[in-house]
Amino acid sequence: MLALTELGQRLRQERESKGLSLEDLQKLTKIQKRYLLGIEEGNYEVMPGKFYVRAFIKQYCEAIGLDTDAIFEEYKSDIPSTQTEDMPQQLSRVRSRKEIPQHTKGVTKAYDYLPTVLVVAGVVVVGIIIWVIAQNIVSDKNKEQANQEAPNSEVQQSNTQEETNETTAKNDNSKSEDEQSAADKKEQEKEKAAKEKAAKEKAEKEKAEKEKKDSGKQEYKEVQKTGRSATYALSGTDAFNLEVTSTQADTWLDVKNGKGNAFFSSILKKGETKEFDLTKETEARVNIGYSPGVELKINGKAVDLPFDSSKQVRQVVTIQHQPAEAQ
């Protein structure tokens, strides 16, 4: 095994302090475990290229909450710099001498056909002029014929106008019915939304009243402590709503029930709060990777972490729920 560089040692210590394994970090960064191990051991030869070394180190730092710029500056001697690769030879713009005479021959040949092109263009222009004159003559004849047929056209126009009025009236009636139907539908949707909102507010109010009622009887007692783990008993309440907030830094958070089913297993960002309704659960296990600044609330009431976060960074809290009805 290779000796750890100062940067690799620093990264590994930060990762382990947050309770993260290389497998956990692989899930967070989508970087293969062998590349993460190579970063910690300073074995950059396993990387696909120098550019990837810097990119993977940046993602590693962001995942464990380190300042990337500060790390790159402090350990710049441990991190390889990227280099611009040589331009492939096939991109060269140099042409062979044989191309230039061929191009010159093409231009000379074009000049030979120039007189013929000019004659054809002249014939086309004359044809266009004749066509325009013919169109003007036909247009004048059509105007004279239209003036002669004007009386008949007025009668036909009158009949057409009456038919148009009738069609417009029918369309207006149809449009009015459609608008009324759309208005009725919109009103029904509005009433439905109002009922759903009222039902939701009622349910939330009943839930808040129940939590307030239970909080007066709620007891949260320590059962045992060992190492970095502690067990507490929650009694006197049927509700079991857990809130976890991180105020200082990103932290790894894993929340499972007594059967090992996960409710959440990922990074909890700084300033983020996660809420869990565990009322139907008899036990919950909360694994906190970086406890400084982490706050717990049960049914809206703040509870202390079992250990001093400055001495015990990673903490595991098991909460055994004993509903009031079962007691």
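Strand 3 (residues 241-246) and strand 6 run antiparallel and are joined by 5 bridges; strands here are DSSP runs of E of at least two residues and helices are runs of H or I of at least four, both numbered from the N terminus. Two strands count as paired if DSSP finds at least two bridges between them. One of these links connects N241 with D277, its bridge partner in strand 6. The structure is a predicted model, in which local features need pLDDT of at least 70 and side-chain atom pairs count only at pLDDT 80 or more, while totals for chains, interfaces and linings use all residues. Residues are numbered from 1 along each chain as its sequence is written, and side-chain values use heavy atoms, with hydrogens and water left out.

Stepping back to the whole sheet, 4 strands form an open, antiparallel arrangement in the order 6-3-8-9. Strand 6 (273-277) and strand 9 (301-303) are the edge strands, each pairing on one side only. From one strand to the next, the twist averages 25 degrees.

Turning to the helices, the axes of helix 2 (residues 22-29) and helix 3 (residues 33-41) come within 9 Å and cross at roughly 110 degrees; axes are lines fitted to C-alpha atoms, for helices over the stretch in contact, with angles from 0 to 180 degrees between N-to-C directions. Helix 2 is therefore roughly perpendicular to helix 3, a term covering angles of 65 to 115 degrees. The contact (heavy atoms within 4.5 Å) involves L22, E23, L25, Q26 and T29 of helix 2, which meet K33, L36, L37 and E40 of helix 3.

Terms used:
Angles under 35 degrees count as roughly parallel, over 145 as roughly antiparallel, 65 to 115 as roughly perpendicular and the rest as oblique.
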